[in-house]
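Visitor: Please take me through this model term by term, and tell me on what grounds each label is applied.

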Amino acid sequence: MESHPHVRVLRGKKIILGVTGGIAAYKAVTVASRLAQAGALVDVLMTEAAQKFVAPLTFSALTGRSVATDLWSLGNGQIMHVALAREVDLFLVAPATANTIAKLALGLADDPLSATALASRGPLLLAPAMETGMWLNPITQQHMQALIQRGAFTVGPMEGRLASGAMGIGRMAEPPQIIEMARKVLGRNGPLAGVHVVITAGGTQEPLDPVRFVSNRSTGKMGMALATSARDFGAEVSIVHSPLQVSVPFGVASVPVRTAAEMRAATFDLLPRTDVLIGAAAVADYRPATVADQKIKKKSGNLDIELVRNPDILGEVGAQRQQSGRPRVMVGFAAETEDLLANAKVKLESKRLDLILVNDVSAPHSGFGTETNQVTLLDKWGDVLPWPLLSKDEVADRLMVWVARRIQGKGLADLGA
Ligand code: C5P
């Protein structure tokens with residue numbers, strides 16, 4: 001399998017992580033570590049108060065880069081805040097105390113963090129953390145509004161236990177949320193900016209009675225990887241999903257459904273504003289003909305269940321594509337156990353898809369519940385492209401490259417991937 005430890009949107013990105021003096025500074029260690037592991041170049045700036053909570057050495061050991069702790073710190077012989085501010089993809093402040101937020105809003109520059117922020121042109125992402133009274137104080141709110149109006153992004157604060165032991169709003173967002181928001185900010189002008197991507201995901205549940213349903217082994221992992229990747233490429237993303245074993249990614253609109261009929265209705269509701277539709281759901285082909293009002297009691301002898309056909313969502317969307325012009329791009333998945341390519345080709349044509357990704361769900365490391373997928377791409381121009389065994393994240397990223405090119409009017413042949 002091709003290893004893929006890096007996150008595409010973070011790889012090689014220059015991120016300044018400003019750490020201020022709040023108890024949540026210890027969580028900034030996790031943020032720095034995860035960003036560095038994902039391939040970002042992380043330069044940490046610490047206020048004096050932050051150094052009371054965490055040692056600079058912790059950050060430099062995790063990022064492999066020097067940490068600026070005073071205004072006159074040198075990096076490569078240059079004054080660090082001047083050098084750093086020049087090229088920065090993201091300026092993240094986590095935790096952002098009320099004091100630092102006030103300085104940033106007013107343009108003060110008396111520590112390495114505020115001085116670099118003032119000199120930098122990169123997008124600012126703030127993860128505020130403070131006691132409830134400080135957060136709710138109108139002066140803090142005014143400073144936040146001023147920063148947001150000037151283009152700053154924010155994540156949190158959340159409700160929860162604060163440093164004082166009290167419960168309330170003011171707790172810093174958790175590191176995974178901060179990283180997800182950082183990805184969203186970094187991807188905002190990506191190749192799918194301004195494009196609405198709708199994804200169907202998960203296995204539909206077709207009720208038999210109030211406690212039982214017919215379903216399948218789909219976990220929704222592929223759909224979530226697709227949603228994350230589309231978001232990182234700058235798209236607006238909606239995911240129409242049945243109950244899942246994985247959570248919906250940050251910054252993605254969740255449209256929960258249960259049955260194929262509900263999934264169909266939700267997909268058609270979104271259709272007038274859908275640019276790209278990706279059908280990653282394992283839609284049950286059949287549903288019980290009747291749903292019992294009460295739990296079905298066991299009796300001696302067998303129980304026969306009559307099943308009726310469910311709507312083919314992509315098939316119906318495909319049938320009206322020519323009239324409505326929506327979606328501009330439509331992608332399906334085919335889970336097969338035999339005659340992979342021949343079966344996939346029939347689906348590509350009958351559902352009027354642009355592209356179908358076919359995988360052999362009986363092969364090891366591919367299909368339901370696995371972390372990886374081995375897919376072959378077939379497009380409507382007759383191109384066939386087998387991909388190696390890849391993580392689902394990498395499959396999603398490669399598909400988004402194809403979708404972005406398709407939006408620009410190019411086919412698989414141009415992809416060379
Ligand atoms: O026909 P089959 O189920 O193999 O087709 C798979 C593709 O069609 C997937 O993209 C799936 O999400 C979509 N599909 C659908 N509605 C169905 C069945 C499949 O949208 N009822």
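Visitor: What volume does the second largest pocket have, and what makes a space a pocket?
Guide: The second largest pocket has a volume of about 760 Å³, where a volume is the space filled by probe spheres set on grid points that are joined across faces, edges and corners. Its lining consists of 30 residues, and those closest to the centre are Val-7, Glu-180, Arg-183, Thr-228 and Asp-393. Helix 9, helix 10 and helix 15 (392-407) are the elements that give two or more residues to this lining. As for the word itself, a pocket is an open set of points, on a 1 Å grid over the protein atoms alone, where a 1.4 Å probe fits, with protein on both sides within 12 Å along at least five of seven lines, and a lining residue has an atom within 4 Å of a point.

Visitor: What kind of model is this, and which residues and atoms count?
Guide: This is a predicted model, in which local features need pLDDT of at least 70 and side-chain atom pairs count only at pLDDT 80 or more, while totals for chains, interfaces and linings use all residues. Residues are numbered from 1 along each chain as its sequence is written, and side-chain values use heavy atoms, with hydrogens and water left out.

Visitor: How do the residues lining the second largest pocket divide by type?
Guide: They divide into 13 nonpolar, seven polar and ten charged, with Ala, Val, Leu, Ile, Met, Phe, Trp, Tyr, Cys and Pro taken as nonpolar, Asp, Glu, Lys and Arg as charged, and the others, Gly among them, as polar. Helix 10 supplies the largest share of this lining, six residues.

Visitor: What is the volume of the largest pocket, and which residues lie closest to its centre?
Guide: About 910 Å³ of space lies in the largest pocket. Of its 38 lining residues, Ala-281, Ala-282, Val-283, Phe-333 and Ala-335 are closest to the centre. Strand 19 gives the largest share of the lining, four residues, and the residues of the lining comprise 17 nonpolar, 14 polar and seven charged.

Visitor: Why is Thr-140 called buried?
Guide: Buried means under 20% relative accessible area, exposed means over 50%, and partly exposed is in between (1.4 Å probe, protein chains only). Thr-140 has a relative accessibility of 6%, and therefore counts as buried. This residue is in helix 8 (residues 138-149), helices being DSSP runs of H or I with at least four residues and strands runs of E with at least two, numbered from the N terminus.

Visitor: What does the side chain of Thr-140 reach, and what makes such a pair a polar contact?
Guide: The side chain of Thr-140 reaches the backbone oxygen of Met-134 at 2.7 Å. A polar contact is a pair of N or O atoms within 3.5 Å, where within protein one must be able to donate a hydrogen and the other to accept it, and where residues adjacent in sequence count only if both atoms are side-chain atoms. The distance of 2.7 Å is therefore inside the limit of 3.5 Å.

Visitor: How many residues are in the largest nonpolar core, and what makes a set of residues a core?
Guide: The largest nonpolar core has 37 residues, and Leu-10, Leu-17, Val-19, Leu-35, Phe-59, Leu-92 and Ile-178 have the most contacts inside it. Among the elements that give two or more residues to this core are strand 1 (14-19), helix 1 (25-37) and helix 9 (175-187). Apart from this core lies another, of 35 residues, among them Ile-199 and Ala-404. Such a core is a set of buried Ala, Val, Leu, Ile, Met, Phe, Trp, Tyr and Cys residues joined through side-chain atoms within 4.5 Å.

Visitor: How do you know whether Ala-127 is buried or exposed?
Guide: Ala-127 has 0% relative accessibility and so counts as buried; this residue is found in strand 7. Leaving aside neighbours within four places in sequence, Ala-127 is in contact (heavy atoms within 4.5 Å) with residues including Val-93, Val-155 and Ile-178.

Visitor: Why is Asp-339 called exposed, while Arg-352 is called partly exposed?
Guide: Asp-339 has a relative accessible area of 55%, and is therefore exposed, whereas Arg-352, with 47%, is partly exposed. Asp-339 has a phi near 40°, a positive value in a residue other than glycine, and Arg-352, also not a glycine, has a positive phi near 55°.
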